[in-house]
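I opened the model today to look up a few things. My notes are below the display.

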Amino acid sequence: MNRELVIQAIYLASSILFILGLKSLSNPDKARLGMQQAALGMVLAIVGTLFHHEIVRFDLIAVALILGTVIGYPLGMFVPMTAMPQRIAISHMFGALAATLVGIAEYHGWGGNVPRPTMAALGFEVLFGALTVTGSFMAFGKLQEFITGRPVTYRGQNAVNITLFGVAVLMFFWMIFRPQSPMVFFAMIGLALCLGVFMVLPIGGADMPVVVSLLNSYAGLASSATGFAIGNNVLIICGALDGASGFLLSILMSKAMNRSFGNVLFGAFGAPPPAAAAAASKDLTVRSISAEDAAMQMGYASEVIVVPGYGMAVAQAQHVVRELASLLESRGVTVKYAIHPVAGRMPGHMNVLLAEANVPYDKLYDMEEINPEFEHADVALVIGANDVVNPAARSDPSSPIYGMPILDVDRAKSVIVLKRSMNPGFAGIENQLFYEPRTSMLFGDAKSSLTRLVSEVKGL
Amino acid sequence: MTTIMELYIFVLAAFVGFQVISRVPPLLHTPLMSATNAISAISLVGSLVLAGANRDTLSNWLGFVAVTAATINVVGGFLITDRMLKMFRRGDSKKDRGAAPLGLGQPQPTATPQAKSPAPGGPGR
């Protein structure tokens with residue numbers, strides 16, 4: 001009894017450390033220390049658990065902990081920042097996998113005579129867990145690009161998915177009332193695994209921020225359900241924190257795209273564009289610019305706003321961006337960075353990349369902060385961003401992204417767009433910005449274009 | 001009754017989560033994700049009991065895989081969060097780093113500050 005009390009006290013301390021750790025994330029200067037305290041909380045919880053009275057053998061635990069550390073260490077230390085979205089996606093898979101397996105073992109352990117509340121928790125746990133396992137793996141595949149990033153759609157897809165989900169929910173209720181049906185239990189898990197795949201298939205790369213956040217939430221809920229199933233409060237608390245965080249992030253991401261959850265999940269956004277949108281811009285021309293002229297414009301500007309997008313991440317150009325910015329700053333140019341909430345493939349993707357390149361975070365501006373600034377800027381330098389700067393979102397009700405809040409790049413005195421070619425962006429939508437008279441295009445790989453800009457600015 | 005108590009805990013924790021997390025600036029959204037991911041790997045606690053309880057072969061192996069998966073998230077999650085948070089710095093400290101060409105002077109060789117934290121409790125046993 002005493003031992004149990006000590007373990008519970010340790011769990012309480014861990015929960016407090018976790019919440020304080022998350023709280024510290026509201027201040028970039030204190031975040032690191034806070035998270036180190038959270039890590040300490042985790043160590044406490046693990047050590048405390050090892051004194052649990054049910055634990056009678058340590059060989060499997062020791063091997064698994066070592067194995068997990070050996071795999072986890074490189075995932076933590078050596079994954080490049082550009083690969084962060086897929087890294088995060090795959091980690092949701094591991095978390096959900098652990099929850100699902102514990103759920104299966106618990107069900108197995110009860111031998112069929114599961115009390116109803118426990119069964120409800122177990123059902124919830126394996127349903128969300130299994131769905132998150134395959135869903136996260138699909139998201140990982142799309143981000144890593146061994147599965148096509150384009151939405152995969154077919155006729156009646158939504159109907160199929162909704163039916164499958166309905167069947168899974170029916171099975172869930174069946175299990176609550178007839179817990180001694182292992183066939184149904186495992187069929188439900190199988191179905192949830194398929195659902196995870198089907199759910200992510202139709203979602204395009206540009207919508208990944210929402211999906212990754214949503215899977216984050218599901219993984220948390222699965223953990224929380226584990227806590228209900230095995231009667232462990234610290235699991236309930238942490239799962240709820242994770243679930244809330246993921247849910248909040250997905251709402252923020254959806255808002256930043258002016259779309260509902262349902263639209264993201266069932267809308268198959270990023271499908272090949274309707275012919276009308278593509279045809280409308282045929283007679284427009286773009287103005288291309290040489291690196292020399294672009295460097296001239298920026299070198300003699302008083303304010304330049306850099307707008308990074310997924311293209312910067314792909315080209316791994318964040319370090320050159322920062323070099324160019326330092327050069328401009330040494331010439332007395334003010335350089336700011338405008339970060340759209342859904343730029344990139346994950347919430348905060350651009351911030352992490354630029355921080356990696358040693359851009360101080362007080363130069364990174366959120367959309368609301370920076371938008372009024374654009375009219376004072378001499379040059380807006382768009383690096384591999386597309387949909388988040390498309391003025392059609394403000395002006396063209398027929399555009400699929402109409403109503404999405406964008407960075408008002410077109411209000412700058414001039415716009416320089418670094419772009420590989422005139423192919424439309426990930427969402428497949430034509431961008432009017434490129435045809436504006438104030439816009440000039442610098443074609444080529446973002447990194448090599450920037451390198452040329454750097455050497456031109458040096459020569460000014 | 002216990003289920004109701006657990007629901008209380010869940011609901012209150014979710015509210016706390018919402019309140020705390022809605023104050024996290026977009027700047028830190030990626031570290032937030034990896035942090036919550038690492039924290040929710042607390043499911044390791046459940047997996048540990050399963051792997052150590054020696055109920056039967058199936059449970060042992062399920063527990064083994066679950067502990068491995070959760071440990072990956074604990075170790076990887078906290079390390080990567082720390083690695084990211086270390087990169088966020090204010091403008092004033094920029095000057096000294098400014099001299100470093102591109103990203104070459106970058107904080108890669110830093111295995112130390114956090115490596116101590118996750119999972120040392122386990123392997124020793």
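**Ground rules.** I am working with a predicted model, in which local features need pLDDT of at least 70 and side-chain atom pairs count only at pLDDT 80 or more, while totals for chains, interfaces and linings use all residues. Residues are numbered from 1 along each chain as its sequence is written, and chains are lettered from A, with ligands numbered from 1, in the order in which they are written.

**Domains of chain A.** I found chain A divided into domain 1 (79–266) and domain 2 (275–459); the bounds come from an automatic or database domain assignment. Their C-alpha centres lie 36 Å apart. I looked up the contacts (C-beta atoms, placed from the backbone, within 7 Å). 19 residues of domain 1 of chain A touch 17 residues of domain 2. On the domain 1 side, helix 4, helix 8 and helix 9 (233–256) each supply at least two residues. Helices here are DSSP runs of H or I with at least four residues, strands are E runs of at least two, and both are numbered from the N terminus. That side has 14 nonpolar, five polar and no charged residues. Nonpolar means Ala, Val, Leu, Ile, Met, Phe, Trp, Tyr, Cys and Pro; charged means Asp, Glu, Lys and Arg; the others, Gly among them, are polar.

**Helix 8 of chain A.** I checked residues 208–230. The 23 residues reach 33 Å from first C-alpha to last, close to the 33 Å expected (1.5 Å times one less than the number of residues). 23 of the 23 are buried, so helix 8 is largely enclosed by the rest of the structure. Buried means 20 or more other C-beta atoms within 10 Å of the residue's own, exposed means 12 or fewer, and partly exposed is in between, with C-beta atoms placed from the backbone. Just after the helix, G231(A) takes a positive phi of about 65°.

**W110(A).** I located W110(A) in helix 4 (residues 84–110) of chain A. W110(A) counts as partly exposed because it has 16 C-beta neighbours inside 10 Å.

**Strands 5 and 6 of chain A.** I traced strand 5 (residues 414–419) pairing with strand 6 in the parallel sense over five bridges; pairing takes at least two DSSP bridges. V415(A) has T439(A) as its bridge partner. In strand 6 (residues 439–443), four of the five residues are buried.

**Chain B against chain A.** I noted 93 residues of chain B in contact with 107 residues of chain A. Helix 4 of chain B gives the largest share of the chain B side, 29 residues. By class, that side has 51 nonpolar, 31 polar and eleven charged residues.

Conventions
Contact = placed C-beta atoms within 7 Å.
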